[in-house]
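Look at the model below before reading on. The paragraphs that follow lead through it step by step.

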Amino acid sequence: MATPLGNLARVPWDGIKDSKGSAEAIPFLLNTVAWGDAATARAALQDLRERICQYGFVVEQATAATVPFLWELAELPQVTCRVQIIQLLRDIADARQWERTAAAYPKLLNRRENWVGWEREARQAVRAHRGTLQHLLAEPDTELVRVTAELATTLAK
């Protein structure tokens, strides 16, 4: 495998938004999840969650760009919060907040922010890496296998 998170610089983070504004903090948070001790990594992942999947169901413009890196981290045995990463991916794959709202209030689709599109892109980004599931389902960590199975069920919908 190539160097973990080696492609972070290819994403124009300063030109896309997360829930707090510019997404330029996302590479730092992903690196902290990858290389931090357990407490530091969990805190960084919680901050990242709030930025890309607020409340567990509201995705942002930066969500789809972040998803491939979450999959990459979920595969790395040294990452201490892989279970929580898979849970975040499941929440993203299940997110339909904007889509449901737009169904009731179609004017939402005329806004400058493309929330419905961001949500669809984020779900597609999770699905694009579903080949990783088989590897994760074979892990010895039973909790990781359990949440991976839940993600697989979500992706099968």
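The buried residues of helix 1 are I26, P27, L29, L30, T32, V33 and A34. The model is a predicted one. Helix 1 is mostly covered, since seven of its ten residues are buried. Which elements cover them? The cover includes strand 1, helix 2, helix 3 and helix 4.

Take helix 2 from that list. Helix 1 spans residues 26-35 and helix 2 spans residues 38-52. The two pack at an angle of about 145°, and their axes are 8 Å apart. The crossing of helix 1 with helix 2 is left-handed. On the side of helix 1, the residues that meet helix 2 are I26, L29, L30, T32 and V33. On the side of helix 2, they are T40, A41, A44, L45, D47, L48, R51 and I52. By type, the residues of this contact divide into nine nonpolar, two polar and two charged.

**The nonpolar cores**

The largest nonpolar core has 46 residues, and L70, I85 and I92 touch the most other members. Which elements give two or more residues to this core? They are helix 1, helix 2, helix 3, helix 4 (82-94), helix 6 (115-128), helix 7 (132-137) and helix 8 (142-156). Leaving out residues up to four places away in sequence, I92 touches I52, C53, V59, T63, V67, L70, A122, R123 and V126.

There is also a second, separate core of six residues, and W98, A102, W115 and W118 are among them. A102 is located in helix 5, which covers residues 97-104. With a relative accessibility of 8%, A102 counts as buried. A102 and V116 are 14 residues apart along the chain, and their C-alpha atoms are separated by 7.5 Å.

What is the relative accessibility of E119? The value is 0%, so E119 counts as buried. E119 has its place in helix 6. Apart from neighbours within four places in sequence, E119 is in contact with F57, V59, A95, R96, Q97, W98 and E99.

T154 sits in helix 8. T154 has a relative accessible area of 6% and is therefore buried. Setting aside neighbours within four places in sequence, the contacts of T154 are R90, A93, D94 and R127.

V83 belongs to helix 4. V83 is buried as well, because its relative accessible area is 12%, and the cut-off for buried is under 20%. Not counting residues up to four places away in sequence, V83 touches D141, E143, L144 and V147. V83 and V145 are 62 residues apart in sequence, while their C-alpha atoms are 8.6 Å apart in space.

**The aromatic pairs**

A pair of aromatic rings is described by the distance of the centres and the angle of the planes. How many aromatic pairs does the structure hold? It holds two. One of them is formed by W13 and F69; this pair is tilted, with 6.1 Å from centre to centre and 50° between the planes. W13 lies in the segment before strand 1 (17-18) and F69 in helix 3 (residues 63-74), so the pair ties together parts that are 56 residues apart in sequence. Both W13 and F69 are buried.

Y55 and F57 form a tilted pair too, with 6.2 Å from centre to centre and 35° between the planes. Is Y55 buried or exposed? Y55 counts as exposed, because its relative accessibility is 65%. F57 is partly exposed, at a relative accessible area of 36%.

**Two residues with positive phi**

Y55 lies in the loop between strand 3 (53-54) and strand 4 (58-59). Its phi is near 65°, a positive value in a residue other than glycine. L5 also has a positive phi without being glycine, with a value near 60°. L5 is found in the segment before strand 1. L5 is buried, with a relative accessible area of 5%, whereas Y55 is exposed.

Notes: Residues are numbered from 1 along each chain as its sequence is written. This is a predicted model: local features need pLDDT of at least 70, side-chain atom pairs count only at pLDDT 80 or more; totals for chains, interfaces and linings use all residues. Side-chain values use heavy atoms; hydrogens and water are left out. Rings of Phe, Tyr and Trp (its six-membered ring) pair if their centres lie within 6.5 Å; planes under 30 degrees apart count as stacked, over 60 as edge-to-face and the rest as tilted. Helices (H or I, at least four residues) and strands (E, at least two) are DSSP runs, numbered from the N terminus. Buried means under 20% relative accessible area, exposed over 50%, partly exposed in between (1.4 Å probe, protein chains only). Axes are lines fitted to C-alpha atoms, for helices over the stretch in contact, and angles run from 0 to 180 degrees between N-to-C directions. A crossing is left-handed if the near helix is turned anticlockwise from the far one by less than a right angle, and right-handed if clockwise. Contact means heavy atoms within 4.5 Å. Ala, Val, Leu, Ile, Met, Phe, Trp, Tyr, Cys and Pro count as nonpolar, Asp, Glu, Lys and Arg as charged, and the others, Gly among them, as polar. A nonpolar core is a set of buried Ala, Val, Leu, Ile, Met, Phe, Trp, Tyr and Cys residues joined through side-chain atoms within 4.5 Å.
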